[in-house]
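This report describes selected side-chain features of one structure. The sequence and the model come first, followed by the notes.

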Amino acid sequence: MLNTNPSLPNMSETIKSWFLNLTFEIVERGMSGADYIIDWETKQTINVKGVVQPPSDKDLKILPEGSWAWEWLMVHCLPDSQIEVNQFVRYDGTVYKVMKKKDWSKYGYVRYYLLEAFRAEGM
């Protein structure tokens, strides 16, 4: 993305050298039988360049009280990712809900906050 503000440092080239290949599956919940078993059906696979990290202690403190102990991830990736807030994604075998997206495309990336879905969604 073109940096339209010359006072902002464009980190896109530096970031690309740090980023790895990441795969996310966009999944949807489906009911299976009368026992309320949730099946996570893959709807789309998205390959992006990015990095996954746990949130810092400071980041966790600003999350809603009671959710601090849940599994949260921060994902930094290139702005061309097709992941949206409130979608469910499978990453590394675990399903997460996309809780927040911060658009830092002026700096060459976007940041997502993911929350492990089985805890957030009462599976």
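## Salt bridges

Glu28, Glu41 and Lys43 are linked in a network of salt bridges; a salt bridge is a side-chain nitrogen of Lys or Arg within 4 Å of a carboxyl oxygen of Asp or Glu. The model is predicted: local features need pLDDT of at least 70 and side-chain atom pairs pLDDT 80 or more, while totals for chains, interfaces and linings use all residues. Residues are numbered from 1 along each chain as its sequence is written, and side-chain values use heavy atoms, without hydrogens and water.

The structure holds 3 salt bridges. Between glutamate 28 and lysine 43, the closest N and O atoms are 3.9 Å apart. Glutamate 28 is in strand 1 and lysine 43 in strand 2 (residues 37-53), so this pair ties together parts 15 residues apart in sequence. Strands (E, at least two residues) are DSSP runs, numbered from the N terminus. Lysine 43 also meets glutamate 41 in a salt bridge, at 3.3 Å from N to O.

Arginine 90 forms a salt bridge with glutamate 25, with 2.7 Å between the closest N and O atoms. Arginine 90 lies in strand 4 (residues 88-91) and glutamate 25 in strand 1 (residues 20-32), 65 residues apart.

## Glutamate 116

Glutamate 116 belongs to strand 6 (residues 109-116). Its relative accessible area is 11%, so it counts as buried (under 20% relative accessible area, with a 1.4 Å probe and protein chains only). Apart from neighbours within four places in sequence, glutamate 116 is in contact (heavy atoms within 4.5 Å) with Glu71, Thr94, Val95 and Tyr96.

Terms used
Helices (H or I, at least four residues) and strands (E, at least two) are DSSP runs, numbered from the N terminus. Buried means under 20% relative accessible area, exposed over 50%, partly exposed in between (1.4 Å probe, protein chains only).
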